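Thanks for coming. Please have the sequence and the model open.

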Amino acid sequence: MEKEVVVLDTDKKQCKSLCDLLTDHEYLSTAMSSYIKMDHYLDDSDCRAIILNLDNVLVTNKSLKQLKRKNPSVSIIAFSERQFHPELEEALREYISVCLAKPVDPDELTYWLKTIYENNEKPI
């Protein structure tokens, strides 16, 4: 099974860095800068993990709820400079598997991805 991860980030340099890290750890990375394009992409993909930059990608509780309903086997790993996102309280509690601090610690990220793919069909 290919271990595909979508990186949703509008910061091209940061996105490339994360994709390079994923490639180094034998994940198939797909860079995206649009939530809408990613949503359509997932329709034809076997992706199990999304890395989401909460600082530059506009998402809402509703959009993440719809994403998880449509793709229940996908786990969302978010990251942000901010420690608190009151506007995403429901999403952080229900739909986002883990939220990492920026800059993303490579060991922490690969730990969570390993956990996701060890659980295979079940989102964390």
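This is a predicted model: local features need pLDDT of at least 70, side-chain atom pairs count only at pLDDT 80 or more; totals for chains, interfaces and linings use all residues.

Now the overall dimensions. The C-alpha trace spans about 35 × 30 × 25 Å along its principal axes. How does the radius of gyration sit against that of a compact globule? For 124 residues such a globule would have a value near 14 Å, and the protein has 13 Å, which agrees. Of these residues, 46% count as buried. The accessible surface is about 7,100 Å², with 50% of that belonging to carbon and sulfur atoms. If we take contacts between residues at least 6 apart in sequence, 71% of them join residues at least 24 apart.

Next, helix H5, residues 106-118. Its 13 residues, at 1.5 Å each, should span 18 Å, and the end C-alpha atoms are 18 Å apart, so the two agree. At the start of H5, a side-chain oxygen of Asp 105 comes to within 2.8 Å of the backbone nitrogen of Asp 107. Which residues of H5 are buried? They are Leu 109, Thr 110, Leu 113, Thr 115, Ile 116 and Tyr 117. The buried residues of H5 pack against strands S1, S3, S4 and S5, and against helix H1.

Last, Ser 29, which is in strand S2, residues 28-32. Beyond its neighbours within four places in sequence, Ser 29 contacts Val 5, Cys 19, Leu 22 and Thr 23. With Cys 19 there is a polar pair: a polar side-chain atom of Ser 29 lies 3.5 Å from the backbone oxygen of Cys 19.

Conventions: Residues are numbered from 1 along each chain as its sequence is written. Side-chain values use heavy atoms; hydrogens and water are left out. Helices (H or I, at least four residues) and strands (E, at least two) are DSSP runs, numbered from the N terminus. A polar contact is a pair of N or O atoms within 3.5 Å; within protein, one must be able to donate a hydrogen and the other to accept it, and residues adjacent in sequence count only if both atoms are side-chain atoms. Contact means heavy atoms within 4.5 Å. The expected span of a helix is 1.5 Å times one less than its number of residues. Buried means under 20% relative accessible area, exposed over 50%, partly exposed in between (1.4 Å probe, protein chains only). The radius of gyration is taken over C-alpha atoms; the globule rule is 2.2 Å times the number of residues to the power 0.38. Accessible areas come from the Shrake-Rupley method with a 1.4 Å probe; for residues, only the protein chains shown count as cover.
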